[in-house]
Amino acid sequence: MHPDTIRKYIGLGLFLICLLCPAFAIGMESEDCLDCHTDTDTVGDDFFVEMAPFNNSAHADVGCVSCHETVSEDHPNDGNVPSRADCLDCHDDVGEEYAHTAHAENASCNDCHNPHMVRGATAVSGHAMNQMCSDCHDGDEVAESHAEWLPQASLHIAMLPCISCHTASEDLVTSLFIIKKKDAEDGSLELASHEELKALAGDGNVQALVDTNEDDYISLAELRMFNRNPANKTVQLQGMMMPEEVSHSIETLDNRWDCSFCHASGPEAMQTSYLSLAQPDGSFKRVPAERGAVLDALFGTPDFYMVGATRSKTMNYIGLAIISGGLVLPVGHGSLRFLTRKNRRKSED
Amino acid sequence: MSEKLRIYLQPTPVRIWHWLNAFGIITLCVTGVQIRFPEHIVIFDSYRSAILLHNTAGLVVAVSFSLWFFYYGIVARSMAKLYVPTVKDLQTGIVRQMKFYFLTYFLGWKNPHHATPKDKFNPMQKSAYLAIMFVLVPLVSLTGITLTNVAFLRDFVVMVGGLKILMNIHFILASSLCAFLFTHIYLATLGQTFFAYFKPMLTGWEEVEDDHHHEHSAP
């Protein structure tokens, strides 16, 4: 279903719910709830809800009461435990898709999503997506089990959200994230936060770090400037292959087991790319980049290359010319040798 | 017919090294083609086995290169003598050897250079092997090893200009090595008989006609 239609239905649904349940929690706005629930002294750690992430989440407009319908005027003193909405009430299409997978037995919606912090897939970093899985699937163990058949397993897992391989979504695009060295000693990398980018930008506009002319479009020239700027040596661009549309059919697919699903799809699939920028609220904003940016040898990013898929056509021809050059001697000399074979036989006698 | 003389031309370590290299490099070329063109060329049933084989063969060639370097440079101490062309080689040797390959060979003359353990290569071979063994093989190994450890060696990758540049260097060097392979194998058939030059690489011994031609070996 198109998101807009979903929104319309949900809006209508919410309207009906409000009509049908006037008895509950009249007047209690999300802000009222948050007055207490953002204060650990009042609600303790277990019932703490973070303010900013909620207000910036896709559920902000849904409001607390829509999901906790039975919360009463007297809450929390009424002794009732407010109800929790089932995600399927509003997201039945996703629910249906997920319910058909074996994984539905292993994890519920809430195991992966915090209902108070949900965001659309394009606003979530690949790192955060993997965080969802790593609560149950230990990162080191996954790297180890995948290394049994996957060359460069750690590199793959760092550059690919698990769902790019483990769901049916086939449209992959490249998102460039700005990452930084965690600390000088160990070389491990992590996403640069909005604050860190802000510091790097000298408290200016973070997007202008890369999008110098702030036209909401990343050109190759801008990428080159970013990659070459010595002021940016603490950060780098990491290309991640993200599904353009999220599917919840979490499973192990045979075609992902076949490396050429990605490694042969060719430059066409690699043409679309975005810069994903950390926003103050922790979400990510995608800025489209010039077509073929990640393919460009000189400007795109020094850290992105996929064997098979991002090969350069010009280089193919140069390679072919060199190899053909190696055949000139055997073929040319060989023919003359054949024609003059009598001379050598004579001299042997 | 003149009398046959047998000389021990290729000691065992050199032969082992040569064939390790030969199988290694051929494997690398074949798997390399599949790795670059997976949708057109499928030689091994899976991409992953092509990659694993490529990485293993690459390591074998890199190690065997190091052993070769160690053997000739340190144990036998004959690297410079065998592989570096002398002034004389450059002034007259190369021209003489070219003249043989491209002219007098067709007229049925004998090779002006004759291999001895101390002077294995003709001036053309020396120059070619110098380029192959001191430039191509080390560089292609180095770029290959870097490509299997990109996260760890990132500073080096960036210094080179990025993964794509590194990849292109690796590819062009590898193509050159492949081109050399054709030439090398072909030239190896130019002995007195088609397989004359293959024998010493297998058994170590070369059979030479002990006639006056032998004088050419150390002019």
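Helices (H or I, at least four residues) and strands (E, at least two) are taken here as DSSP runs, numbered from the N terminus. By that definition, chain A holds 18 helices and five strands. This is a predicted model, in which local features need pLDDT of at least 70 and side-chain atom pairs count only at pLDDT 80 or more, while totals for chains, interfaces and linings use all residues. Residues are numbered from 1 along each chain as its sequence is written, chains are lettered from A and ligands numbered from 1 in the order in which they are written, and side-chain values use heavy atoms, with hydrogens and water left out.

Of the 349 residues in chain A, 34% are buried, where buried means under 20% relative accessible area, exposed over 50%, and partly exposed in between (1.4 Å probe, protein chains only). Contact means heavy atoms within 4.5 Å; among contacts in chain A between residues at least 6 apart in sequence, 67% join residues at least 24 apart.

A nonpolar core is a set of buried Ala, Val, Leu, Ile, Met, Phe, Trp, Tyr and Cys residues joined through side-chain atoms within 4.5 Å. The largest such core has 36 residues, and those with the most contacts inside it are A:I178, A:L197, A:V210, A:L223, A:M270 and A:L275. At least two core residues come from each of β1 (172–181), α14 (220–228), β3 (235–243), β4 (273–278) and β5 (284–288) of chain A, and β3(A) gives the most, with five residues. Leaving aside residues up to four places away in sequence, A:L223 touches several residues, including A:L176, A:V210, A:L237 and A:F299.

Strand β4(A) is mostly covered, with six of its six residues buried. From this strand A:S273, A:L275 and A:L277 point one way, and A:Y274, A:S276 and A:A278 the other way. Two strands pair if DSSP finds at least two bridges between them, and the pairings of β4(A) are set out below.

| Partner of β4(A) | Sense | Bridges | Opposite residues |
|---|---|---|---|
| β1(A) | parallel | four bridges | A:S175 and A:Y274 |

In the hairpin of β4(A) and β5(A), five residues lie between the strands, and A:G282 takes a positive phi near 90°.

In chain B, helix α5 (residues 123–147) has 25 residues and reaches 35 Å from its first C-alpha to its last, close to the 36 Å expected at 1.5 Å a residue, the expected span being 1.5 Å times one less than the number of residues. A kink of about 35° in α5(B) is centred on B:I132, the bend at a residue being the angle between axes fitted to the seven residues ending there and the seven starting there.
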